[in-house]
Amino acid sequence: MHLILASTSPYRRTLLERLQIPFLCEAPDVDETPLLDEHPAALAQRLSLAKASTVATLNPTALVIGSDQVASIDGNCIGKPGNFENAATQLRASSGRRVDFYTGIALVGRDAGIERVHMERFSVQFRELSDAEITRYLEKEQPYDCAGSFKCEGLGVALFERMIGDDPTSLEGLPLIALCGLLWDAGVTVL
């Protein structure tokens, strides 16, 4: 049974490569619009399962991994900024505050009768950030395609006071500890 990552994210692909198991990537065609009053954790779980299920329908003999991450401040979702101005606004809003990241992960194998979903919460406490620090950071790292406007695997770690959670890879977009458990349960030997 082959493994497919239902994602075109270079970040997720790089994370999955750490496990040193062969896999393919396939783009899921999923509407990511939140439902009315949908909690960030529920949204992350729903989208991760939808991505895996969509790709698994086209590849019924494969095991398909789907993942989605939703960032929030006080329960309000914040997305990928897309540009400098939006990223600066997000980082100003995060300054001195805790931002929660909900990363859903799903494993679906149609022919094997596998459908598992897990949600991992990870939080980041930001330092008080000056406008000059925000500008310097954004000019150096340009994290415009990242929820929360930072890359924790890079210079973004300098924005934090602390990180709170069980699996730091979930902050990067693919909770590898949970994924290893899902794979083992499905009979895939990681080691």
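**Entry 1**

I began with Arg-98, which forms a salt bridge with Asp-100, the closest N and O atoms being 2.9 Å apart. By salt bridge I mean a side-chain nitrogen of Lys or Arg within 4 Å of a carboxyl oxygen of Asp or Glu. I am reading a predicted model, in which local features need pLDDT of at least 70, side-chain atom pairs count only at pLDDT 80 or more, and totals for chains, interfaces and linings use all residues. Residues are numbered from 1 along each chain as its sequence is written, and side-chain values use heavy atoms, with hydrogens and water left out.

I then looked up the accessibility of the two partners. Arg-98 is partly exposed at 40% relative accessibility, while Asp-100 is buried at 7%. The terms are set this way: buried is under 20% relative accessible area, exposed is over 50%, and partly exposed is in between, with a 1.4 Å probe and protein chains only.

**Entry 1. The other salt bridges**

How many salt bridges does the count come to? I noted 10.

One of them joins the side chains of Arg-92 and Asp-131, at 3.0 Å from N to O. Arg-92 belongs to helix α3 (residues 84-94) and Asp-131 to helix α4 (residues 131-141), so this pair ties together parts that are 39 residues apart in sequence. Helices (H or I, at least four residues) and strands (E, at least two) are DSSP runs here, numbered from the N terminus. Both ends are partly exposed: Arg-92 has 45% relative accessibility, and Asp-131 has a relative accessible area of 47%.

I found a further salt bridge between the side chains of Arg-127 and Glu-133, with 3.2 Å from N to O. Arg-127 is partly exposed at 26%, and Glu-133 is partly exposed at 25%.

I also wrote down a network of salt bridges that links Glu-32, Lys-51 and Asp-68.

Is Ser-72 buried or exposed? I found Ser-72 buried, with a relative accessible area of 1%. Ser-72 sits in strand β3 (residues 63-73). Neighbours within four places in sequence aside, Ser-72 is in contact (heavy atoms within 4.5 Å) with Pro-40, Cys-77, Ile-78, Val-99, Asp-100 and Tyr-102. Asp-100 in that list is the salt-bridge partner of Arg-98 from my opening entry.

Ser-9 lies in the loop between β1 and α1. Ser-9 is buried too, at 15%. The side chain of Ser-9 reaches the backbone nitrogen of Arg-12 at 3.1 Å. I also checked Ser-9 against Lys-51, which is 42 residues away along the chain; their C-alpha atoms are separated by 13 Å.

**Entry 2. Helix α6**

Which residues of helix α6 (residues 176-185) are buried? I listed Leu-176, Ala-178, Leu-179, Cys-180, Leu-182 and Leu-183. An α-helix has 3.6 residues a turn, so residues three or four places apart point the same way.

The buried residues of α6 pack against β1 (3-5), α1 (10-17), β3, β5 (98-109), β6 (114-126) and α5 (168-172). After α6 comes Gly-187, which has a positive phi near 90°.

Most residues other than glycine have a negative phi, and most peptide bonds are trans. I therefore looked up two residues that depart from this pattern.

Asp-74 is not a glycine, yet has a positive phi of about 55°. I placed Asp-74 in the loop between β3 and β4 (76-78), and at 60% relative accessibility Asp-74 counts as exposed.

Gln-142 has a positive phi near 45°. Gln-142 lies in the loop between α4 and β7 (160-165) and is partly exposed at 46%.

**Entry 3. Strand pairing**

How do β5 and β6 pair, parallel or antiparallel? I found the antiparallel sense, over 12 bridges; two strands pair if DSSP finds at least two bridges between them. Ala-106 stands opposite Val-117 in β6. The hairpin of β5 and β6 has four residues between the strands, and in this hairpin Gly-113 takes a positive phi near 70°.

β6 also pairs with β7, in the antiparallel sense, over five bridges. Here Val-124 has Met-163 in β7 as its bridge partner.

Notes. A polar contact is a pair of N or O atoms within 3.5 Å; within protein, one must be able to donate a hydrogen and the other to accept it, and residues adjacent in sequence count only if both atoms are side-chain atoms.
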